[in-house]
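The tour below moves from one selection to the next and says what is to be found at each stop.

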Amino acid sequence: MRRIALTVGSLVAAGMLAFAVSGSAVAAEGVLVINETAYEQPSGCYDSDRWPLSVSNHTDAIAYVFSEPGCGGAVTEAVHPGESTVSEFGNSVYID
């Protein structure tokens, strides 16, 4: 009985892990424009070397503006679908 419970528990854990990993690989639908550069089906972190940072979100996901490169530091703004912003303190944008 103990062996069956361990096997079932392992299968459930493996299934949850596979489902979580596959969900994180999905990109946002649409176009994210960062400083006049368009990214179709964006996913992940985008650094910018221009100031101020402008973001136009034409996707179905929220884009987060970070204060440091590499999506580090604090989140300074959340740009919802259909919104745009110009951030004086933004250095990178994350979208999933």
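A disulfide is taken here to be a pair of cysteine sulfur atoms within 2.5 Å. The model on screen is predicted, and within it 1 disulfide is found.

**Stop 1: the disulfide**

Select Cys45 and Cys71, whose sulfur atoms lie 2.1 Å apart and form the disulfide. Looking along the S-S bond, you will find a torsion of 105°, and the link of Cys45 and Cys71 is right-handed. The pair joins distant parts of the chain, since Cys45 belongs to strand 3 while Cys71 sits in the loop between strand 5 and strand 6, 26 residues apart.

Are the two partners buried or exposed? Cys45, at 34% relative accessibility, counts as partly exposed, whereas Cys71 has a relative accessible area of 17% and is buried, because buried means under 20%. While Cys71 is still selected, check its backbone as well: phi is near 55°, a positive value in a residue other than glycine.

**Stop 2**

To see one place where the two strands face each other, select Tyr64, which stands opposite Ala78 in strand 6.

**Stop 3**

Begin with strand 1 (residues 30–34) and strand 2 (residues 37–40), which pair in the antiparallel sense over 4 bridges; the bridge partner of Leu32 in strand 2 is Tyr39. These strands make a hairpin with 2 residues between them, and Asn35 in the turn has a positive phi of about 45°. Glu36, which is placed in the loop between strand 1 and strand 2, also has a positive phi, near 70°, although Glu36 is a residue other than glycine. Most residues other than glycine have a negative phi, and most peptide bonds are trans. With a relative accessible area of 70%, Glu36 is exposed.

Then turn to strand 4, which pairs with strand 1 in the antiparallel sense over 5 bridges; in strand 4, Val55 is the bridge partner of Ile34.

**Stop 3: a cis peptide bond**

Select Trp51 and Pro52 and inspect the peptide bond between them, which is cis, with omega near -5°. Pro52 is found in the loop between strand 3 and strand 4 (53–59).

**Stop 4: Asn57**

Which backbone atom does the side chain of Asn57 reach? Asn57 is placed in strand 4, and its side chain reaches the backbone oxygen of Ala61 at 2.7 Å. This residue is buried, with a relative accessible area of 0%. If you leave aside neighbours within four places in sequence, the residues in contact with Asn57 include Val31, Leu32, Ile62, His80, Glu83 and Ile95.

**Stop 5: the nonpolar core**

Finally, show the side chains of Ala28, Leu32, Ile34, Tyr46, Leu53, Val55, Ala61, Ala63, Val65, Val79, Val93 and Ile95, the 12 residues that make up the largest nonpolar core. Strand 1, strand 4, strand 5 and strand 8 (92–95) are the elements that give two or more residues to this core.

Note on methods. Residues are numbered from 1 along each chain as its sequence is written. This is a predicted model: local features need pLDDT of at least 70, side-chain atom pairs count only at pLDDT 80 or more; totals for chains, interfaces and linings use all residues. Side-chain values use heavy atoms; hydrogens and water are left out. Two strands pair if DSSP finds at least two bridges between them. Buried means under 20% relative accessible area, exposed over 50%, partly exposed in between (1.4 Å probe, protein chains only). A polar contact is a pair of N or O atoms within 3.5 Å; within protein, one must be able to donate a hydrogen and the other to accept it, and residues adjacent in sequence count only if both atoms are side-chain atoms. Contact means heavy atoms within 4.5 Å. A nonpolar core is a set of buried Ala, Val, Leu, Ile, Met, Phe, Trp, Tyr and Cys residues joined through side-chain atoms within 4.5 Å.
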